[in-house]
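These are my notes from going through one structure.

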Amino acid sequence: MFITFEGTEGCGKSTLIQNLSHKLKELKVPHIVTREPGGSTVAESIRAVILHQEMDPLTELFLYEAARAEHFKTVVEPALKKKQWVLCDRFTDSTIAYQGFARGLPLPMIEKLNQMATEKTKPHLTFFLDLPVEIGLSRASDPNKFEKAGIDFQKKVRKGFVTLSKQNPKRFRTLKVQNKNPAEVCTSAMKILKAYL
Ligand code: TYD
């Protein structure tokens, strides 16, 4: 299983991934936890360049895709070949939402690059953690440049994920996380994952 986690800033993806990993360990399901941008030595170096510096949107897109190509080939693909589950914090949908819907780059170009970086691999399941952007932003302690870009930017990102979830109803599972504690969110996600165990 290749499972990705998407959402706007501060939606609780990282906590959910940790909690799910804990449950999968108890159930003895071999898996890895990884993230984008990053997850491998080269991709983590690219991450350090992208997250805190302003740059041309096309440069930004290429850097995300470069990090993805490296991470996909050195981490995701080998794990899937070994039949390990892969839990990945953000993936190609983030590029559509952030660089496409929010930055305004053409979606067909992004889709092409996403396909090139991942050998056309799609996640089996994508959890979209949906939280009002105002609440998520108020949680940011060390804001990156996307968090600093403010509410209107985050609303465009959210619109991207909502659109993607409607276009990919089989792959996407939307979890409404407002007023839910981490344990409740984890229980909802595990109910969905039980079908694949
Ligand atoms: P991170 O600090 O990991 O944020 P979060 O905890 O919200 O995931 O930084 C990742 C940032 O990179 C996040 O703001 C979303 C952005 N991003 C893109 O703009 N495009 C992409 O393709 C990906 C994978 C992430």
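I started with Lys83, which counts as exposed at 69% relative accessibility. I use buried for under 20% relative accessible area, exposed for over 50% and partly exposed in between, with a 1.4 Å probe and protein chains only. Lys83 lies in the loop between helix 3 and strand 3 (85-89). I number helices (H or I, at least four residues) and strands (E, at least two) from the N terminus, as DSSP runs. The phi of Lys83 is positive, near 65 degrees, and Lys83 is not a glycine. For background, most residues other than glycine have a negative phi, and most peptide bonds are trans.

**Ground rules**

I am working with a predicted model, where local features need pLDDT of at least 70 and side-chain atom pairs count only at pLDDT 80 or more, while totals for chains, interfaces and linings use all residues. Residues are numbered from 1 along each chain as its sequence is written, and side-chain values use heavy atoms, with hydrogens and water left out.

**Backbone: other entries**

I looked for a cis peptide bond and found one joining Glu36 and Pro37, with omega about -10 degrees. Pro37 is in the loop between strand 2 (31-35) and helix 2 (41-50).

Gly104 follows helix 4 and has a positive phi, near 90 degrees.

**Arg90**

Where is Arg90 found? I place Arg90 in the loop between strand 3 and helix 4. Its phi is near 75 degrees, again a positive value in a residue other than glycine. Arg90 counts as buried, at 12% relative accessibility.

I then listed the contacts of the Arg90 side chain. One of its polar atoms lies 2.9 Å from the backbone oxygen of Gly7. The Arg90 side chain also makes a polar contact with the side chain of Tyr98, at 3.2 Å. A polar contact here is a pair of N or O atoms within 3.5 Å; within protein, one must be able to donate a hydrogen and the other to accept it, and residues adjacent in sequence count only if both atoms are side-chain atoms. An N or O atom of the Arg90 side chain is 2.7 Å from an oxygen atom of the ligand.

I followed up Gly7. Gly7 is in strand 1 (residues 2-7) and is buried, with a relative accessible area of 0%.

**Ligand site**

Which residues come nearest to the ligand? Of the 15 residues around it, they are Glu9, Lys13, Arg90, Thr95 and Gln99. A residue is near if one of its heavy atoms lies within 4 Å.

I noted two further polar pairs. An N or O atom in the Glu9 side chain is 2.6 Å from an oxygen atom of the ligand. For Arg47, a polar side-chain atom lies 3.0 Å from a ligand oxygen. The ligand has 540 Å² of accessible area on its own, and the protein covers 89% of this. I take accessible areas from the Shrake-Rupley method with a 1.4 Å probe; for residues, only the protein chains shown count as cover.

Helix 3 (57-81) and helix 4 (92-102) each supply at least two residues of the shell around the ligand. Helix 4 gives the largest share, 4 residues.

**Helix 4**

I checked how enclosed helix 4 is. It is largely enclosed by the rest of the structure, because 10 of its 11 residues are buried. Among the buried ones are Thr95, Tyr98 and Gln99.

**Leu131**

I placed Leu131 in the loop between strand 4 (125-130) and helix 6 (133-138). Leu131 is buried, with a relative accessible area of 3%. Leu131 and Gln178 are 47 residues apart in sequence, and their C-alpha atoms are 5.5 Å apart.

**Cysteines**

How many disulfides does the whole structure hold? My search found 0 disulfides, a disulfide being a pair of cysteine sulfur atoms within 2.5 Å. For Cys11, the nearest cysteine sulfur is that of Cys88, 14 Å away. Cys11 counts as buried, at 6% relative accessibility. For Cys186, the nearest cysteine sulfur is that of Cys11, 15 Å away. Cys186 is buried as well, at 4% relative accessible area.
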